[in-house]
Amino acid sequence: MRLTVLASLASLALATTAVAGEVPIKEVSSNSVLVDREKGITYGAENILTAKAGEMWVEAESSAGLGKYVEVKFDGDQEIHSFTIWAGCFVDKEFWGRHNRIHHVEFKYPDFTSEKIEFEDKMEGLHIKLAEPKTVSKVKIYLRSVYDGNTWNDTPITRLQFWDKDGPDEITGLKATATSEYKDEDNAYGPHKAVDGWDDTYWVNGDGDGKGESITVDLGGSQTVKKFGIATGWGDTASFFKGNHRAAEVSLSFSDGSSKKFALEDVADLQVFDLGDVTTSTVKVTFTKITKGASHDDLYVGELRFWK
């Protein structure tokens with residue numbers, strides 16, 4: 001298991017809040033949890049409540065963990081219609097292939113009914129509708145089969161969300177370009193990192209302090225966008241956040257010719273703003289004001305998100 005660097009860096013990042021349509025998970029547990037005692041890292045079930053590629057639940061069995069479960073509890077009885085699961089290790093494509101990925105699970109409900117569900121072997125969040133809506137206070141999710149990893153016989157779940165009848169309204173499958181980026185051999189800081197859905201990956205600008213730089217997001221066609229979210233700064237620790245540049249103001253330009261400007265708080269949280277109803281196929285986000293870092297000149301942007 002080789003996940004220690006990203007997992008430890010991500011452990012201090014702020015939690016993601018629930019969005020419209022989401023049924024919040026109150027508590028999560030498991031009857032099998034991998035503990036790396038040498039590194040002091042626990043891959044507990046609570047990790048699936050974050051939006052961090054470097055944090056995940058992993059079963060602790062010498063096998064693939066078949067028959068082990070994650071139990072999800074809601075705040076009383078809730079009507080659930082669908083769920084989205086990131087069923088594997090999402091650190092990068094290499095780690096995705098080296099670990100097992102879930103093929104089949106079985107949902108067991110308090111009314112003694114159950115449901116078997118098959119997952120495609122895709123490195124993306126899988127949104128799956130239940131066979132019928134269920135009003136429940138909890139769900140047990142049992143591992144039943146896996147797609148074999150090519151190195152380790154560990155089975156992770158990185159993230160899990162449940163939805164009511166409205167389902168998710170976030171626009172996904174975004175593509176992005178930027179006026180500059182910090183270059184490294186792994187392409188670890190490109191604009192795609194600002195639209196990948198993970199709170200512990202970042203776009204970083206190239207030369208300069210980032211003021212006037214922009215990221216243009218392709219929404220995949222004309223969309224009516226109601227909300228915009230941004231997480232700015234290197235949010236993994238308080239010292240990283242204060243040490244590097246953060247955006248203090250952004251200007252959004254839409255393909256219909258309109259624009260909006262927003263002042264940002266100096267926090268690592270995802271900040272969400274109402275747009276009204278803007279019909280657009282692209283959004284250009286320009287960083288018009290910068291809060292200077294105490295020790296470095298790099299501008300970090302963790303996430304750009306849009307909701308219908």
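Modeller: This is a predicted model. Leaving aside neighbours within four places in sequence, Asn 100 is in contact with Ala 64, Gly 88, Val 146, Tyr 147, Asp 148, Gly 149, Trp 152, Asn 153, Asp 154, Thr 155 and Pro 156.

Biologist: Where is Asn 100 placed in the chain?

Modeller: In the loop between helix H2 (93-98) and strand E7 (101-108).

Biologist: Is Asn 100 buried or exposed?

Modeller: Asn 100 counts as buried, because its relative accessibility is 1% and the cut-off for buried is under 20%.

Biologist: What does the side chain of Asn 100 reach?

Modeller: The backbone nitrogen of Gly 149, at 2.8 Å. The Asn 100 side chain also has a polar contact of 3.2 Å with the side chain of Thr 155.

Biologist: New topic, rings. How many aromatic pairs are there?

Modeller: The count is 20 aromatic pairs. One of them is Phe 107 with Phe 162, a tilted pair with 6.3 Å centre to centre and 50° between the planes. That pair links distant parts of the chain, with Phe 107 in strand E7 and Phe 162 in strand E11 (residues 159-163), 55 residues apart.

Biologist: Are Phe 107 and Phe 162 buried or exposed?

Modeller: Both Phe 107 and Phe 162 are buried. They also belong to one aromatic cluster with Phe 74, Phe 83, Tyr 109 and Phe 119.

Biologist: And why is the pair of Trp 234 and Phe 240 called stacked?

Modeller: Because the planes of Trp 234 and Phe 240 are at 25°, and under 30 degrees counts as stacked. Their ring centres are 4.2 Å apart. Trp 234 is partly exposed, with a relative accessible area of 21%, and Phe 240 is partly exposed at 26%.

Biologist: Which charged ends sit over rings?

Modeller: The charged end of Lys 140 sits over the ring of Tyr 69, 4.4 Å from the ring centre. The charged end of Arg 246 sits over the ring of Phe 241, with 4.9 Å to the centre.

Biologist: Now the whole protein. How many helices and strands?

Modeller: 3 helices and 18 strands. The radius of gyration is 20 Å, close to the 19 Å that the globule rule gives for 308 residues, so the protein is as compact as a globular protein of that length.

Biologist: What share of the residues is buried?

Modeller: Buried residues make up 50% of the 308. Of the contacts between residues at least 6 apart in sequence, 78% join residues at least 24 apart.

Technical notes: Residues are numbered from 1 along each chain as its sequence is written. This is a predicted model: local features need pLDDT of at least 70, side-chain atom pairs count only at pLDDT 80 or more; totals for chains, interfaces and linings use all residues. Side-chain values use heavy atoms; hydrogens and water are left out. Helices (H or I, at least four residues) and strands (E, at least two) are DSSP runs, numbered from the N terminus. Buried means under 20% relative accessible area, exposed over 50%, partly exposed in between (1.4 Å probe, protein chains only). A polar contact is a pair of N or O atoms within 3.5 Å; within protein, one must be able to donate a hydrogen and the other to accept it, and residues adjacent in sequence count only if both atoms are side-chain atoms. Contact means heavy atoms within 4.5 Å. Rings of Phe, Tyr and Trp (its six-membered ring) pair if their centres lie within 6.5 Å; planes under 30 degrees apart count as stacked, over 60 as edge-to-face and the rest as tilted. A charge sits over a ring if NZ of Lys or CZ of Arg is within 6 Å of the ring centre and within 35 degrees of the ring normal. The radius of gyration is taken over C-alpha atoms; the globule rule is 2.2 Å times the number of residues to the power 0.38.
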